[in-house]
Amino acid sequence: MAQTAPPPGTPSSPATPRTGDENPWASGGIMFAGVLLLVDGVLDAIKGIAGIASDDVYARINDYVFKFNVTAWGWIHLILGILIAVVGWGILRGFAWARGAGVGLAALNMIANFMWLPYQPVWAVVSLAIDTFVIWALCTARKPVI
């Protein structure tokens, strides 16, 4: 028996109807944003522990406007990292509060990493890119995670 293809414009499977306003990149991106926040939070915590444990791990900057002691930067990154990891876990679990907190903490982490640029430029730029994607994904997805 020959099967015919559905006419153009009709969904191929009636079990998965799609509304016209949902962006598939954003829908899949929100779960990826949760994973990225979790990983970025753990990496920030490791970055903070390294700064707290030893002052000579990161480069010393002499004339920089946002100059802090490396130990102070370590505490900033450790606290932000723990908070970001918890929010990433919350996004993966589907908690409603985690999306708003994720946007806020990703923005705060962007500011901290921008000020951290002279100490670890490559790591800071990678974190800036991750935070940019996270903010985009959390702000553009219209449907809940689960």
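Histidine 77 lies in helix H2, where helices (H or I, at least four residues) and strands (E, at least two) are DSSP runs numbered from the N terminus. The model is predicted: local features need pLDDT of at least 70 and side-chain atom pairs count only at pLDDT 80 or more, while totals for chains, interfaces and linings use all residues. Residues are numbered from 1 along each chain as its sequence is written, and side-chain values use heavy atoms, with hydrogens and water left out.

Histidine 77 counts as buried because its relative accessibility is 0%; buried means under 20% relative accessible area, exposed over 50%, and partly exposed in between (1.4 Å probe, protein chains only). Neighbours within four places in sequence aside, histidine 77 is in contact (heavy atoms within 4.5 Å) with Asp44, Ala45, Lys47, Gly48, Asn113 and Trp116.

Side chains of opposite charge can pair when their charged atoms come close.

Lysine 47 and aspartate 44 are about one helical turn apart, because they are three residues apart in helix H1. Lysine 47 is buried at a relative accessible area of 1%, and aspartate 44 is buried at 0% relative accessibility.

## Chain and helices

The chain has four helices and zero strands, and its elements run α-α-α-α from the N terminus on. Of the 146 residues, 35% are buried. Among contacts between residues at least 6 apart in sequence, 74% join residues at least 24 apart. The accessible surface (Shrake-Rupley method, 1.4 Å probe; for residues, only the protein chains shown count as cover) comes to about 8,700 Å², and 71% of it belongs to carbon and sulfur atoms.

The expected span of a helix is 1.5 Å times one less than its number of residues. For the 24 residues of H2 this gives 34 Å, in agreement with end C-alpha atoms 34 Å apart. After H2 comes glycine 94, with a positive phi near 90°.

## Nonpolar cores

A nonpolar core is a set of buried Ala, Val, Leu, Ile, Met, Phe, Trp, Tyr and Cys residues joined through side-chain atoms within 4.5 Å. The largest has 17 residues, and Leu37, Val87, Ile91, Val134 and Leu138 have the most contacts inside it. H1, helix H2 (70–93), helix H3 (96–116) and helix H4 (121–140) each give two or more residues to this core. Apart from it lies another core of six residues, including Trp73, Met115, Tyr119 and Ala124.

Valine 87 touches Leu37, Trp97, Ala98, Ala101, Gly102 and Leu105, residues up to four places away in sequence not being counted. Among the buried residues of H3 are Ala98, Gly102, Leu105, Asn113 and Trp116.

## Partly exposed leucines

Leucine 43, in helix H1 (residues 24–53), is partly exposed at 34% relative accessibility. Together with Phe32, Val35, Val39, Val42 and Ile46, Leu43 makes a nonpolar surface patch of about 480 Å². Patches are made of residues with over 30% relative accessible area and no salt bridge, like charges being joined within 9 Å and nonpolar side chains (Val, Leu, Ile, Met, Phe, Trp, Tyr) within 5 Å.

Leucine 117 is in the loop between H3 and H4 and is partly exposed at 25% relative accessibility. Leaving out residues up to four places away in sequence, leucine 117 touches Ala124 and Val125.

Terms used:
Salt bridge = Lys/Arg side-chain N within 4 Å of Asp/Glu carboxyl O.
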